[in-house]
Amino acid sequence: MRMLVTGGAGFIGSNLVRIILEAGHAVTVLDDLASGFRENLDAFPSVRFVVGDVRDPEAVAGAVAGAEVVFHLAASVGNKRSIENPVCDSEINVIGTLRVLEAARRAGVRKVVYSSSAGIFGELVTLPIREDHPVEPDSPYGASKLAGEKLCLAYGRLYGFEAVALRYFNVYGVNQRFDAYGNVIPIFARQMLRGEPVTVFGDGEQTRDFVNVKDVAKANLAAALARGVSGAFNIGSGTRVTINRLVALMARAAAAAPAVEYGPPRPGDVRDSLADISAAGAAFGFRPAVGLEDGLAEYMAWSRKEIT
Ligand SMILES: NC(=O)c1ccc[n+]([C@@H]2O[C@H](COP(=O)([O-])OP(=O)(O)OC[C@H]3O[C@@H](n4cnc5c(N)ncnc54)[C@H](O)[C@@H]3O)[C@@H](O)[C@H]2O)c1
């Protein structure tokens, strides 16, 4: 079966491409390389790579042709980027998603799996976070990801295809590169491997649910292959660690002993985060398999090759 991965040259997308190919399916990638890397797909010569923008209806229609399943990952990613450029954020994340959905319904796609985010929840009311937790995003990014998720589910109901939104918590793993908008693990990895102090916002006792990208990729494929499954599901590890513990685990994995500098907490950062992942387990058998220590060891080894 052919599957389209929008954003397939990115961090999560390239890991998803790998497991789809390993499962014996054919892959088309649509990506404009805004934050993705062509080299992420170098190992997969069979991929049909369409360089194009999800906002461009013709590029999207061309990429969707022949696909039974669409994984929609292409996005302008992150709170900071969205605060700096909210219009671009929504053009890509909302209008781009609509373009993908329009093309999918015209092409008779069976299933759309949308990459959503725990950023849709905003201020946390209860822990662990279940799917029915209130959604009050506090950034343009959180709001645009929520709009994209709702559009997918509405299109599925309107046009009779299956639609799944996967709400990722903090994803980490191979192919996650440092950038100015980056997540905490690539930032810490770079600091440690360069022998710089690690900078922690707040007291470091805030907690996060870090899920390995291999588990996220598997969740996507399982959701796509589960017949009759639609709806929104949390995808996390179902466990949480403090940032201080994360620093210690990464330092051990890197055989480093970094100094830690504490700064003021960042406005808007939530104190704690933890996904309730039981719904994804019941619906399509999602069971995260990569422990944090193993995942960080693999990531630090990959990072070392990237940085040096
Ligand atoms: N990394 C995380 O922790 C995390 C958490 C929650 C949700 N997500 C979601 O997962 C998805 C993948 O994110 P990622 O972390 O792999 O980021 P990424 O930046 O590596 O991947 C995004 C990909 O989309 C492509 N892209 C961006 N704009 C495009 C456009 N207009 N047209 C075509 N392609 C475009 C980029 O080039 C890139 O390859 C996104 O939808 C993101 O919102 C990620």
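Modeller: The crossing of α6 and α8 is right-handed, the near helix being turned clockwise from the far one by less than a right angle. Helices here are DSSP runs (H or I, at least four residues), strands likewise (E, at least two), numbered from the N terminus. This is a predicted model: local features need pLDDT of at least 70, side-chain atom pairs count only at pLDDT 80 or more, and totals for chains, interfaces and linings use all residues. Residues are numbered from 1 along each chain as its sequence is written.

Biologist: Which residues make the contact of α6 and α8?

Modeller: Phe188, Ala189, Met192 and Leu193 of α6 meet Val247, Met250, Ala251 and Ala254 of α8; contact requires C-beta atoms, placed from the backbone, within 7 Å. By class, 8 are nonpolar, with no polar and no charged residues.

Biologist: At what angle do α6 and α8 pack?

Modeller: About 45°, with the axes 11 Å apart. α6 and α8 are therefore oblique to each other, as angles under 35 degrees count as roughly parallel, over 145 as roughly antiparallel, 65 to 115 as roughly perpendicular and the rest as oblique.

Biologist: Turning to the ligand, which residues come nearest?

Modeller: Gly7, Gly10, Ser35, Gly36 and Ala75, of 30 residues around the ligand (C-beta atom within 6 Å).

Biologist: And which element gives the most to that shell?

Modeller: α1 does, with 3 residues.

Biologist: How far apart are the centres of domain 1 and domain 2?

Modeller: They are separated by 27 Å, taken over C-alpha atoms. In the contact, 7 residues of domain 1 touch 7 residues of domain 2.

Note on methods: Axes are lines fitted to C-alpha atoms, for helices over the stretch in contact, and angles run from 0 to 180 degrees between N-to-C directions. Two residues are in contact if their C-beta atoms, placed from the backbone, lie within 7 Å. Ala, Val, Leu, Ile, Met, Phe, Trp, Tyr, Cys and Pro count as nonpolar, Asp, Glu, Lys and Arg as charged, and the others, Gly among them, as polar. Domain bounds come from an automatic or database domain assignment.
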